[in-house]
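User: I am new to this structure and would like to learn how to read its main features. Could you guide me through them?

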Amino acid sequence: MKIALVGYGKMGKIIDEIAQKRGHEVVARLKETPTTENLNNPDVVIEFSLPEAAFNNIKACLENKIPVICGTTGWLEQKEEIEKLTVENGTAFLYGSNFSLGVNLFFALNEKLAALMKNVDEYSCQLEEIHHIHKKDAPSGTAISIAEGIIKNNSKFDAWKLDETQNKQLGIFAIREDEVPGTHSVFYRSEVDEIEIKHTAFNRNGFALGAVVAAEWIKDKKGNFEMKDVLGL
Ligand SMILES: NC(=O)C1=CN([C@@H]2O[C@H](COP(=O)(O)OP(=O)(O)OC[C@H]3O[C@@H](n4cnc5c(N)ncnc54)[C@H](OP(=O)(O)O)[C@@H]3O)[C@@H](O)[C@H]2O)C=CC1
Ligand SMILES: O=C(O)C1=N[C@H](C(=O)O)C[C@H](O)C1
C-alpha cells in the first residue's frame, strides 16, 4: 500500500525502512504540515512529529479523508476534537502512545495487577519512565497510558501527577538520560518488600513495526481505534 510519513526524525526514518521491507511504497516524507499536494495521494498516513505539530498534521490528513496512524505524544488535550473530525470526514484514526507489542502486553498486565492491588492497603504505588535527553514531553505518553490503566482499575487513585505522589494522585517520575529508547516501571512498595513490573525497549524497532502493522490494519476501516484493537488484546 502507499504510505505517507508525516514527521521524519528518529521514528520516521525507522518506519520508512520497515515499511519498505514489508513491501509498501513510501510516497511522502514530510517535515512540515501535510497538504493534498505534498501527501501525494497515500492510502494511509503515519504521523510521528512533535507535540505542537500533531493536531494540525492529523487535521489536514482527516480533512483529506486519509486514515491516520498517530504515534506523536504530548498533544492529548486535543484528541477529542480529532476523534470528532474522524467521524465527520468518514475516515479512520488510531492514536497509540506506544506501538510495541511488548508495551501493549505490559498495559494489559498493569491493569490486572492494579485490580488485584485495589484491596491491598499495605502497598504504595508509583511510576517511573526513562527516556533519551532529546525527548520534548514529560511524562511520556506511555507512562500516562499506564497511569490511566491503574486509575481505571484501582479506586485508590483518581489522577496522576508529574514527579510527585500526593494523596489520590499517582506520581509519574520522568528521567532523561543519554539515548535511552524508553523504559517504564510500576513500583508497589510496602514496609517489607517491593513489586516491580518493567518494560525496557532495546531500540525503536518495536515501536516502528507496530506502527506499520497498525497502518496495514486500519486501511479499510472507519472510526477511531486503539492499538489493542489491532492486537486483539
Ligand atoms: N507511539 C510510539 O510508539 C512512539 C511515539 N514516539 C513519539 O513520536 C514523536 C516523534 O518522536 P521522534 O521521531 O523521536 O522525534 P524527532 O524529533 O526525532 O522527529 C520529529 C520529526 O518531526 C518533524 N517536524 C517538525 N515540525 C513538523 C511539522 N510541523 N510537521 C511535520 N513534521 C514536523 C521534525 O523535523 P525537524 O527535524 O526539521 O525538526 C522531525 O523530523 C514524539 O512525540 C515521541 O514521543 C516515539 C517513539 C515511539
Ligand atoms: O519519545 C520517545 O522516544 C518515545 N515516546 C513515546 C512516549 O512518549 O511514550 C513512546 C516511547 O516510550 C518512546
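This is a predicted model: local features need pLDDT of at least 70, side-chain atom pairs count only at pLDDT 80 or more; totals for chains, interfaces and linings use all residues.

User: How should I read the area that domain 1 and domain 2 bury between them?

Analyst: The size of an interface is often expressed as the accessible area lost when the parts come together. Here domain 1 and domain 2 bury about 1,000 Å² between them, with 57% of it on carbon and sulfur atoms. On the side of domain 1, Ser97, Asn98 and Phe207 provide 39% of the area buried against domain 2, more than any other three residues.

User: How many salt bridges and polar contacts cross that interface?

Analyst: The rule finds zero salt bridges between domain 1 and domain 2. Polar contact, by comparison, joins five residue pairs, counting residues at pLDDT 80 or more.

User: Which residues surround ligand 2?

Analyst: A shell is read by listing its residues and then their classes. Among those around ligand 2 are Ser97, Asn98 and Phe207, the three residues named above for their share of the area that domain 1 buries. The shell also includes His131, His132, Lys135 and Thr142. By class, it has two nonpolar, nine polar and one charged. Domain 1 and domain 2 each contribute at least three residues to this shell.

User: Where do side chains approach the oxygen atoms of ligand 2?

Analyst: A polar side-chain atom of histidine 132 is 2.8 Å from an oxygen atom of ligand 2. For the side chain of lysine 135 the distance from an N or O atom to a ligand oxygen is 2.7 Å, and for that of threonine 142 it is 2.6 Å. Of the 330 Å² of accessible area that ligand 2 has on its own, the protein covers 86%.

User: What surrounds ligand 1, and how much of ligand 1 does the protein bury?

Analyst: Ligand 1 has 24 residues around it, the closest being Lys10, Met11, Thr73, Gly96 and Phe99. Eight are nonpolar, eleven polar and five charged. A backbone N or O atom of serine 97 lies 3.0 Å from a nitrogen atom of ligand 1. Alone, ligand 1 exposes 930 Å², and the protein buries 78% of that.

Terms used. Residues are numbered from 1 along each chain as its sequence is written. Chains are lettered from A and ligands numbered from 1 in the order in which they are written. Side-chain values use heavy atoms; hydrogens and water are left out. A residue is near a molecule or strand if one of its heavy atoms lies within 4 Å of it. A polar contact is a pair of N or O atoms within 3.5 Å; within protein, one must be able to donate a hydrogen and the other to accept it, and residues adjacent in sequence count only if both atoms are side-chain atoms. Accessible areas come from the Shrake-Rupley method with a 1.4 Å probe; for residues, only the protein chains shown count as cover. Ala, Val, Leu, Ile, Met, Phe, Trp, Tyr, Cys and Pro count as nonpolar, Asp, Glu, Lys and Arg as charged, and the others, Gly among them, as polar. Domain bounds come from an automatic or database domain assignment. Buried area is the accessible area (1.4 Å probe) that two parts lose on being put together, summed over both. A salt bridge is a side-chain nitrogen of Lys or Arg within 4 Å of a carboxyl oxygen of Asp or Glu.
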